[in-house]
Amino acid sequence: MDTENTKLDPQAVKDELIMKREELHKRLQNINHDFQTGHSPDSEEQATERENDDVLHGIKQEAEIELSLVIEALQRMETGNYGTCSECGKEINPERLKVVPYTTKCIICAS
Ligand SMILES: [Zn+2]
């Protein structure tokens, strides 16, 4: 039986989280940049731009939530709490952590 699949390499997970953090930082920077670029004086154009802003706001919010989860996960790694469910305190399945490295809950508490 292959046990490698269920083993979690903390360094690999950390690297992945740091990469994810950088990626989200960049994404948020780009979004903020888009917000700062001025709006067209044309009212019809403005309507489209406002719609774009709404979409952008949604993306921004999602990225911010994801970023805070990634930062939290990195903090938990520092304190040695990484991989423990925040609800029941049990160990989170490594397979689950591989898919969502910044999850704070085990599959039972998350569902
Ligand atoms: Zn749990």
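Here are a few friendly notes on the structure above.

1. This is a predicted model, in which local features need pLDDT of at least 70 and side-chain atom pairs count only at pLDDT 80 or more, while totals for chains, interfaces and linings use all residues. Residues are numbered from 1 along each chain as its sequence is written, and side-chain values use heavy atoms, leaving out hydrogens and water.

2. Start with the overall layout: the protein has 4 helices and 0 strands, where helices (H or I, at least four residues) and strands (E, at least two) are DSSP runs numbered from the N terminus. Its C-alpha atoms fill a box of roughly 65 × 30 × 25 Å along the principal axes.

3. Now look at α2, which covers residues 43–79. At 1.5 Å a residue, its 37 residues should span 54 Å, and the end C-alpha atoms are 53 Å apart, which agrees; the expected span is 1.5 Å times one less than the number of residues. After α2 comes G80, with a positive phi near 80°.

4. Where is the largest nonpolar core? A nonpolar core is a set of buried Ala, Val, Leu, Ile, Met, Phe, Trp, Tyr and Cys residues joined through side-chain atoms within 4.5 Å. The largest one has 16 residues, and L17, V70 and Y82 have the most contacts inside it. Both α1 and α2 give two or more residues to this core, with α2 giving the most, 6 residues.

Note on methods:
Buried means under 20% relative accessible area, exposed over 50%, partly exposed in between (1.4 Å probe, protein chains only).
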